[in-house]
Amino acid sequence: MKILITGGGGYIGSVLTPTLLAAGYEVTVIDNFMFQQNSLAECCQYETFNVIRGDCRKEDLIKEQLKTVDVIIPLAALVGAPLCSRDQIGTKTTNQTAVEMICQLASPQQRILMPVTNSGYGIGEKGKFCTEESPLRPISLYGVTKVEAEKAVLARDNGMTFRLATVFGMAPRMRVDLLVNDFVYRAFYDRAVVIFEGHFKRNYIHIRDVAKVFLHGLENFESMKGKPYNVGLEDANLSKLELCAEIRKYLPNFVYLEAPIGEDPDKRDYIVSNQRILSTGFTPDWSLGRGIQELIKGYTILRNSVYSNV
């Protein structure tokens, strides 16, 4: 089976691409490598790997690559509130318009599996789990574009989406700015963090379980297609304060304080049910604790000192 991945050199793609190649799939990646990353260097050993430096918004490029593939996985996106705010046009054209174009150009037989985000739930009702039937009320440009892209994918007979919880874990194209990754980094190097609105809750999922759920979706496509699936850890609907307490189990010198004034610009606050994906036979391999231990090892190697003199 031949798979086309847009944005395959990014945080998720740098784990998913080698996972698919190792499983025997033929993979073509389109990526503009905007962060100058070498995250797919390991993949070059595979004869079944092809890479194109290009822009997923270019219709001619996408049309040409769609001629020979069975599956499309649109990963290309501008992710994170600061980046999306800085380039609002790029956010809409990459996260939404490019996906809508793929949906229009793909044949009815071609399958589309797409990651979206459970941040589409915005601010949930207190004590009530968000399911795939809950209303979508995104509160960020990123969330809005992902919700609109999901509509286009699910309007097809041959599509499915994964509403990912906040992803954590080590990857060849690392992101230190994601919540768990960020807090562990601060705990490891600074040994302290000040938290704003520590009661806000999120759900979490390890990046290797994200790769695993794509494999699961490919292998069970006919029975799963046409639906969105929340993908997160059932035992990890945690507030920021609860997350810090979990990190301190592995880094006992970590001190965290909640600021008495100020606020978090990210107002997402919800708990999520992942029962639909679990009912298909999918089970995550990585607990939050196992991921924290992995990050501690990773940060022993990695130091984000690009803009530092020390």
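**Close-up views of a predicted model: cavity and cysteines**

**View 1. Lining of the largest cavity.** T6, C56, P74, A76, T94, A98, V99 and I102 form the lining of the largest cavity in this predicted model. A cavity is a set of points, on a 1 Å grid over the protein atoms alone, where a 1.4 Å probe fits but cannot get out; lining residues have an atom within 4 Å of a point. The lining comprises six nonpolar residues, two polar and no charged (Ala, Val, Leu, Ile, Met, Phe, Trp, Tyr, Cys and Pro count as nonpolar, Asp, Glu, Lys and Arg as charged, the others, Gly among them, as polar).

**View 2. Helix α4 and the cavity volume.** With four residues, helix α4 (residues 88-105) contributes the most to the lining of the largest cavity; helices are DSSP runs of H or I, at least four residues, numbered from the N terminus. The space in this cavity is about 30 Å³, a volume being the space filled by probe spheres set on the points, which are joined across faces, edges and corners. One cavity of 30 Å³ or more is counted.

View 3. The whole structure contains zero disulfides, defined as pairs of cysteine sulfur atoms within 2.5 Å. For C84, the nearest cysteine sulfur belongs to C56, 13 Å away. C84 is buried, at 2% relative accessible area (buried: under 20%, 1.4 Å probe, protein chains only).

View 4. C103 is in no disulfide, and its nearest cysteine sulfur, that of C56, lies 12 Å away. C103 is also buried, with a relative accessible area of 12%.

**Notes.** Residues are numbered from 1 along each chain as its sequence is written, and side-chain values use heavy atoms, without hydrogens and water. In this predicted model local features need pLDDT of at least 70 and side-chain atom pairs count only at pLDDT 80 or more, while totals for chains, interfaces and linings use all residues.

Notes. Buried < 20%, exposed > 50% of the residue type's maximum accessible area, 1.4 Å probe, protein only. 1 Å grid on protein atoms, 1.4 Å probe; cavity = no way out; pocket = protein on both sides within 12 Å on 5 of 7 lines; lining within 4 Å. Helix = DSSP H or I, 4+ residues; strand = E, 2+ residues; numbered from the N terminus.
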